[in-house]
Amino acid sequence: MRLSVARANALTAAGPLVAVLVDKGRSAELPGGELGERAAGLLSRKAFVAERRKTHVLHAEGRGGPRALLLVGMGKAGKVTAEDYRRAAAQVVNEAAALGANRVAVATAGKIRFDATTLAAFGEGAVLAGYRYPRRKADTKPPASVAVVTTGVRGAAGLLKTARATAEGTNLARELGDLPGNICTPRHLVNTSRKLSRDGGLRCKIYGKKDLQRMKMGGILAVNQGSAEDPFLIEMDYKPRTVKRTVCIVGKGLTFDSGGISIKPSAGMEEMKYDMCGAAATIGLMQAVAALKPSGVRVIGIVGTTDNMPGGRAYKPGDVVTTASGKTIEVINTDAEGRVVLSDALHHATKFKPDAIIDLATLTGAIVVALGHEVAGLFCRDDGLARRLVKAGERTDEPLWRMPTLEVYDEAIKSRWADIKNSAGRAAGSCTAASFLFNFTDGYDHAHIDIAGAAWGARKRDYYNEGATGFGVRMLYDAIANWA
Ligand code: BES
Ligand code: MN
Ligand code: ZN
């Protein structure tokens with residue numbers, strides 16, 4: 001979807017659709033022409049009251065001007081949030097799609113005015129609403145272009161460019177999440193990463209099974225033992241001319257998690273195609289980074305990917321595996337496989353001596369119980385890094401809630417037979433999982449984000465209605481762009 005800044009005459013010119021965001025109050029300044037005058041009449045007669053998220057469409061009777069006008073209510077002007085603009089944009093795009101309009105011009109009226117934050121949010125919402133799951137014929141088509149009429153927002157074009165790239169990265173993450181496990185295989189993640197790296201000028205390195213054996217990545221290899229698919233470690237590297245900071249993003253890429261020998265109950269197991277959403281967010285972020293080329297921060301995206309299957313060769317409860325770090329893991333439960341894969345992927349990240357390691361993982365059912373589907377759990381022993389990420393999530397409306405990282409959780413995963421065990425049972429399941437991961441980052445600043453709830457199943461909000469959310473892409477890009 002193209003996003004652009006337009007002049008006011010875009011509102012009266014011929015075209016399929018014009019949308020006007022309007023506050024609840026005595027609004028004026030609607031575009032002229034037949035539709036603008038009729039809309040002004042509706043508002044002044046209070047036949048349409050611009051409550052938050054209320055919309056109204058008018059169709060033209062005359063010729064020459066826009067064929068339809070959409071009024072989007074924003075509620076009381078003083079109370080409008082960035083998220084309201086995201087949703088308003090989605091309402092505009094959804095209406096355009098329903099009308100078959102391939103382009104739309106957008107304006108504000110009354111006390112509604114774009115500023116830098118809300119213009120960016122509007123752009124994001126528009127592009128996010130344009131996401132369509134691939135290979136589904138019945139879907140309506142989103143408009144190819146959205147032109148926003150605004151003056152007085154400095155750097156408007158640049159803001160829209162960032163909004164578009166981060167939302168497209170999010171949409172890529174959604175697509176990878178929504179695709180089923182027989183199509184979105186580890187190899188599919190490899191191919192997607194290779195392609196975007198080639199297109200965007202990132203260095204991309206793929207480690208196959210032989211490489212993983214050479215690197216002694218016993219964690220990934222153990223989880224992969226029962227699988228018919230090859231495992232991979234993916235590394236994508238964005239390196240600006242001057243590097244002031246290096247950040248590694250690490251994603252859990254379980255393209256399907258059956259639980260393995262500790263097999264899951266069959267009800268709902270199909271949802272475990274989403275167990276690669278951490279990897280998807282990492283890949284989507286790298287696409288945005290490649291498009292926007294932020295200055296000063298080297299960003300390395302790392303994905304460990306396999307599926308987790310039972311079978312004669314599968315790893316078993318009681319097995320002890322040696323990871324690339326040299327640390328050994330006692331396997332209590334083969335369904336606690338994400339942390340076993342991440343042990344090697346996180347250790348790999350330390351090789352870059354980064355200023356921060358941030359992992360995204362659909363790691364525990366317990367975080368869904370604790371926080372639900374709208375919030376991700378943040379585990380971080382460094383206050384500065386934690387604050388940075390929480391702030392970024394506030395700006396992008398991808399909320400992070402900080403969880404405890406106490407020493408008692410380190411105690412809980414001590415093993416009689418190995419350095420640590422991969423499950424300490426149900427109590428504080430998300431916290432002991434985080435403690436496990438901290439063992440593999442060798443003292444580097446490390447934030448673990450458990451997105452098991454937030455990666456899919458969130459409430460409807462116009463710009464996504466079902467399936468994967470792409471949670472984390474916009475938040476991470478915001479954090480990186482503001483690292484300084
Ligand atoms: N992928 C799951 C976590 C998950 C569960 C994500 C439900 C989303 C919804 C993970 O691999 C897993 O199975 N975790 C176990 C760990 C337990 C065996 C210690 C869990 O949460 O039950
Ligand atoms: Mn599992
Ligand atoms: Zn899993």
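## Stop one: the metal pair

Along the chain, the donors of the manganese ion (ligand 2) follow the spacing D-x77-D-x1-E. Before you click on, note that this is a predicted model, where local features need pLDDT of at least 70, side-chain atom pairs count only at pLDDT 80 or more, and totals for chains, interfaces and linings use all residues. Residues are numbered from 1 along each chain as its sequence is written, chains are lettered from A and ligands numbered from 1 in the order in which they are written, and side-chain values use heavy atoms, with hydrogens and water left out.

Select the manganese ion (ligand 2). Its protein donors are Asp 257 (OD), Asp 335 (O), Asp 335 (OD) and Glu 337 (OE), lying 2.0 to 2.2 Å from it. Donors here are N, O and S atoms within 2.8 Å of the metal (3.2 Å for Na, K and Ca); water is not among the atoms, so sites may look incomplete. The six donor atoms around the manganese ion (ligand 2) subtend angles of 71 to 166 degrees, which makes the arrangement irregular.

Now show Asp 257, which bridges the manganese ion (ligand 2) and the zinc ion (ligand 3); the two ions lie 3.2 Å apart. Which protein donors does the zinc ion (ligand 3) have? They are Lys 252 (NZ), Asp 257 (OD), Asp 275 (OD) and Glu 337 (OE), at 2.0 to 2.4 Å. This time the six donor atoms subtend angles of 77 to 173 degrees, which makes the arrangement octahedral. For six donors, octahedral means opposite donors over 155 degrees apart and all others between 65 and 115; four count as square planar by that rule, or as tetrahedral if all angles lie between 85 and 135 degrees, and anything else is irregular.

Colour by secondary structure and find Lys 252 in strand β9 (residues 243-257), then Asp 275 in the loop between β9 and α8 (277-292), 23 residues apart. Helices (H or I, at least four residues) and strands (E, at least two) are DSSP runs, numbered from the N terminus. Lys 252 is buried at 2% relative accessible area, Asp 275 is buried at 2%, and Glu 337 counts as buried at 1%. Buried means under 20%, exposed over 50%, and partly exposed in between (1.4 Å probe, protein chains only).

Five aromatic pairs are waiting in the structure. Rings of Phe, Tyr and Trp (its six-membered ring) pair if their centres lie within 6.5 Å; planes under 30 degrees apart are stacked, over 60 edge-to-face, and the rest tilted.

Pick Phe 114 and Phe 122: the ring centres are 5.4 Å apart and the planes at 70 degrees, so the pair is edge-to-face. Both Phe 114 and Phe 122 are buried. Next, Tyr 274 and Trp 456 have centres 4.8 Å apart and planes at 15 degrees, so this pair is stacked.

## Stop three: the nonpolar cores

Of the 62 residues in the largest nonpolar core, show Val 299, Ile 358, Leu 389 and Ile 449, which touch the most other members. A core is a set of buried Ala, Val, Leu, Ile, Met, Phe, Trp, Tyr and Cys residues joined through side-chain atoms within 4.5 Å. Helix α8 gives the most to this core, with eleven residues. Apart from it lies another core, of 38 residues, including Leu 21 and Phe 122.
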